[in-house]
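Dear colleague,

Here is the structure I said I would pass on; please look through it before reading the notes that follow.

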Amino acid sequence: MSKVTIHELSKHIGERVEIDGWLYNKRASGKLQFPIVRDGSGYLQCVVSKKEVDEASWNAVDGATQESTVHVVGTVRAHQKEPGVVELGVETFEVRGPAEDYPITPMEHGTAFLMDHRHLWLRSSKQVAVLRIRSEIEQACRDYFYQNGFTLVDAPILTANAAEGMSTLFETDYFGKKAYLSQSGQLYLEPAAAALGKVYCLGPTFRAEKSKTRRHLMEFWMIEPEVAFLEFDGLQELAEDFVEYIVGRAVERCQEELKTLERDVSKLANVRKPFPRITYREAIELLASKGMPAEFGDDIGGDEETVIANSFDRPVIITRYPTAIKAFYMQPDPNDPDVVLGMDMIAPEGYGEIIGGSQRIHDHDLLLERIKQHNLPLEAFQWYLDIRKYGTFPHSGFGMGIERAVAWVSGVHHLRECIPYPRMLNRIYP
Ligand code: 4AD
Ligand code: MG
């Protein structure tokens, strides 16, 4: 007799097997009981007939509570009504770890309650589906860059300098000196691009953003490529090729999960390059034409992003933002000095900015001037300036927030369900 996972059962029809899992749900009808067991790999309907099992097994099923650990032995057979589905004709059923009053029942629960029980909520079918899609997307990100000749370079988490502005830094003590949790691996990838050409990192990043929106987490994961000698047009091509690939992978390999989440996948079928591209100036005009007047220099916030996104049937790239509202390291546009060669990619359907990127300043003196203008501590950036001193080169890169991409692909409204343990304003438990 073999111990198998539920996912593999269809290869074992007619065989006696052993299953370890948890009781998901059950129903009964007369002399039959139907416990549904889940083991992390899938869900299995078990059929327990009073005639065919001993009393201990029958009573064990009868008394088993939701989420109790169970051990089941039986014979795998094709489901009588659902083609392609298997069930288990039970021989013995044993409760090995009883669960008392499992707090998450099939009824509706409020968000605060679910978030307090996140460690248990993870077991629910929709949460399982989202985590599978997240895993597929992260794997697809790694595969994309691996297959395209990029080298993985892990960036540090403890840093001595800010990458994305001083206002959202988490500060910590580093043996009597100040250190910060990384906001982005970018600054560390730029030197690595001079060593290895095409590099990327994937890791956690931290922003003390005092904003309570569905699109912001304090700790989120970011995938960031950085490429030597890549300029602004090439950067946009890389971003759209990458997004087309990862969305395609999730749609192809997560069909079950997307069905569980009732995601309208026809909306994802359009994610084909080329993506529409508009400049920031055009975006301002578009907003005005939709009754949302904005002036040059205004930030494009979440509501504005949604209005812009709704004008297109696939992700849209907005380019050439005003210098004043973007990061210190962005290369000025040689044809329009008030704007920088920065880009954001906005997902459709209101999921907001998924990618931010730019060509980087490669002129030493200009970068020095920008560091001073932004009141950044010069000592902490000497190493970053060195890259412009020893064989400088044009280069570009971007960052994509994993949770934003997962929310969009999964059709999940709030980022808090797109990471196993969300860190939000006022929440670090569990
Ligand atoms: O636009 P951002 O701030 O860009 C950077 O950090 C660059 N250094 C990246 C680079 O060029 N290598 O952040 C990039 C992406 C955003 O587009 C968004 O998807 C995500 O990171 N992001 C967040 N996701 C969740 N919660 C937050 N608070 C986020 N802030 C940014
Ligand atoms: Mg951004």
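I begin with the ligand: a polar side-chain atom of Y329 lies 3.3 Å from a nitrogen atom of ligand 1, a polar contact being a pair of N or O atoms within 3.5 Å. A nitrogen atom of ligand 1 is also 2.7 Å from an N or O atom in the side chain of E224, while a backbone N or O atom of G356 lies 3.3 Å from an oxygen atom of the ligand. Taken alone, ligand 1 exposes 630 Å², of which the protein buries 94% (accessible areas by the Shrake-Rupley method with a 1.4 Å probe). Around ligand 1 there are 24 residues, with a heavy atom within 4 Å as the criterion, and the closest are E164, Q186, E209, E224 and E353.

This is a predicted model, in which local features need pLDDT of at least 70 and side-chain atom pairs count only at pLDDT 80 or more, whereas totals for chains, interfaces and linings use all residues. Residues are numbered from 1 along each chain as its sequence is written, chains are lettered from A and ligands numbered from 1 in the order written, and side-chain values use heavy atoms, without hydrogens or water.

The secondary structure of the chain comes to twelve helices and 19 strands (DSSP runs, H or I of at least four residues and E of at least two, numbered from the N terminus). Of its 430 residues, 50% count as buried, meaning under 20% relative accessible area with a 1.4 Å probe, protein chains only. In helix α9 (residues 302–309) the buried residues are E305, I308 and A309.

Best regards

Technical notes. Polar contact = N/O pair within 3.5 Å; in protein donor to acceptor, adjacent residues only side chain to side chain.
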